[in-house]
Amino acid sequence: MLKQHQRLIAFVPFAFTLGCTETELPRQPDNWNQELILPTLPDQNAASNILEISLQAIEATQEIVPGTATPVWTYNGTLPGPLIRAKAGDTLIAHVENQLPDPTTIHWHGIRLPNSMDGVPEHTQPAIEPGQSFDYIFSLPDPGLYWYHPHVDSAIQAGSGLYGALWVEDPTEPADLGDPVILVLSDIGLREDGTLSDPASGGDTATLFGREGQYILVNGKRNPTLKARPGLRQRWLLVNTAKSRYFQLDLPGHDFTRIGGDGGRIQAPIPKATLVLAPGERADVLLTPSGAPNSEIPLRWIPFDRGYGSTEFRPIEDIMTLRLEGEAAVDSAMPGLGREINPLNLEGAAPVHIQLGQAEGAPLVLTINDKPSWDATPLQAGLHETQVWTIENTMSWSHPFHLHGYFFQALDDQKQPVMPLEWKDTIDVPYQKSRHIAVRFDDRPGMWMFHCHILDHADAGMMGMVLVQ
Ligand code: C2O
Ligand code: CU
């Protein structure tokens with residue numbers, strides 16, 4: 001909370017230059033983000049560039065439906081897990097203790113870390129058995145919003161509540177981008193008695209579609225309220241941690257300015273009427289709320305076409321309420337929003353074909369290059385090699401494709417970089433379409449995983465490995 005305050009104070013001098021009186025500095029309403037504050041963890045290490053924390057994977061109960069206790073799986077008792085807040089260049093030491101009845105691991109989604117810290121059981125570490133612990137130690141080279149989740153029975157474990165955000169702040173960033181709030185988007189499926197839905201409910205048909213929980217959550221809450229002062233910029237950093245659900249978001253009467261994505265800031269801002277986040281993806285956006293004091297604007301979830309059955313008869317839902325308080329304020333001028341990013345040099349880059357599909361027959365098995373994960377032969381890449389991957393989706397449902405440990409750049413149909421440039425680790429491959437990406441492996445050898453981030457699909461076989469050596 002201290003840091004939140006520091007940011008607010010840093011913001012003040014810019015407000016002065018706009019002719020506000022000393023007694024009425026424009027700032028967000030009191031307790032503006034109170035319903036959305038995520039728990040944070042005490043830093044157990046005195047060194048300023050080391051963040052040392054303890055995470056406990058443990059069962060707990062949450063009240064999702066008022067009056068009903070839902071037993072969930074959590075990090076440190078909360079859903080989502082604590083916000084891990086660090087700055088670029090820090091070393092993260094995470095003592096992880098497994099208090100669950102099943103083995104688990106933590107995968108640090110998007111972080112360029114050493115292979116041994118990637119959290120993939122059997123490939124990068126043995127799973128952490130119940131009652132056991134594991135220490136993850138690695139540095140955080142790149143600013144941006146990341147997240148953490150298990151990599152054992154991912155659909156079940158993440159679907160039971162195990163996920164949290166990891167924000168790596170950029171200490172060199174202008175302080176007046178906008179008052180920041182982290183929004184962890186997810187959903188949860190409950191039975192009538194309030195217990196978690198059976199992860200196998202609906203059988204193969206539900207696996208094929210990907211199970212979406214019927215309750216959408218923002219920072220673990222249903223339709224929480226975020227307050228705003230009209231005219232004052234806010235910065236929303238969003239992550240889609242849902243196991244299958246895509247989020248297409250609309251704030252009526254407002255546009256978003258997208259300034260960042262998976263791998264931190266993008267080359268140049270993009271104005272957006274709506275935001276789309278496939279599972280695993282992040283967005284960093286600025287917006288200037290406007291409207292009459294005491295009015296409320298719903299943030300709406302709009303069904304996104306990710307294939308058969310994804311939009312038919314599905315209502316729009318309000319998932320958060322933006323409540324305007326106070327008289328309209330005049331904001332500071334927008335700071336520079338660009339970032340220098342160079343396109344990868346694709347001369348001589350090896351082409352790699354990746355086909356996402358479904359095996360014939362029952363039970364349902366999903367494949368990459370005709371093999372489910374348990375039969376797959378790893379792809380190969382050399383240290384410092386650049387490759388162009390063509391990911392072909394032969395199915396009637398879209399797949400968000402995620403590569404561990406490395407960022408990539410999206411290419412268009414002509415294999416030219418998509419502008420403005422940005423670093424990504426998860427990309428939506430629409431149904432019956434192909435996407436091209438360029439990736440440059442560096443000097444971090446090992447078995448790196450890639451998979452569909454619809455976790456039901458990953459668990460049904462849509463995972464593979466690339467051996468970098
Ligand atoms: Cu968030 Cu293997 O993924
Ligand atoms: Cu998929």
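Is D284 buried or exposed? D284 counts as buried, because its relative accessibility is 6% and the cut-off for buried is under 20%. The model is predicted, and the values below are computed from it.

**Salt bridges**

Side chains of opposite charge can pair when their charged atoms come close. Over the whole structure, a search finds 24 salt bridges.

| Pair | N to O distance |
|---|---|
| D284 and R235 | 2.6 Å |
| R112 and D142 | 2.7 Å |
| D442 and R112 | 3.9 Å |

D284 forms its salt bridge with R235. This pair links distant parts of the chain, 49 residues apart: D284 belongs to strand β17 (residues 282-287) and R235 to strand β12 (residues 234-240). R235 is also buried, with a relative accessible area of 2%.

A separate group of charged residues is joined through shared partners. Salt bridges connect D187, E212, R245, R306 and R314 into one network.

**R112 and its two partners**

R112 meets D142 in a salt bridge through their side chains.

The accessibilities can be given for each residue. R112 counts as partly exposed because its relative accessibility is 30%. D142 is buried at 14% relative accessibility, and D442 is buried with a relative accessible area of 14%.

**Helix α4**

Helix α4 covers residues 455-459 and contains D459; H457 is found in this helix too. H457 counts as buried because its relative accessibility is 0%. Its side chain makes a polar contact with the side chain of H399, at 3.1 Å.

D459 is partly exposed, with a relative accessible area of 33%. D459 is one of the residues of a negative surface patch, together with E59, D102 and D153.

Definitions and conventions: Residues are numbered from 1 along each chain as its sequence is written. Chains are lettered from A and ligands numbered from 1 in the order in which they are written. This is a predicted model: local features need pLDDT of at least 70, side-chain atom pairs count only at pLDDT 80 or more; totals for chains, interfaces and linings use all residues. Side-chain values use heavy atoms; hydrogens and water are left out. Patches are made of residues with over 30% relative accessible area and no salt bridge: like charges are joined within 9 Å, nonpolar side chains (Val, Leu, Ile, Met, Phe, Trp, Tyr) within 5 Å. Accessible areas come from the Shrake-Rupley method with a 1.4 Å probe; for residues, only the protein chains shown count as cover. A salt bridge is a side-chain nitrogen of Lys or Arg within 4 Å of a carboxyl oxygen of Asp or Glu. Lys and Arg count as positive and Asp and Glu as negative; His and the chain ends are not counted. The place of a charge is taken as NZ of Lys, CZ of Arg, CG of Asp or CD of Glu. Helices (H or I, at least four residues) and strands (E, at least two) are DSSP runs, numbered from the N terminus. Buried means under 20% relative accessible area, exposed over 50%, partly exposed in between (1.4 Å probe, protein chains only). A polar contact is a pair of N or O atoms within 3.5 Å; within protein, one must be able to donate a hydrogen and the other to accept it, and residues adjacent in sequence count only if both atoms are side-chain atoms.
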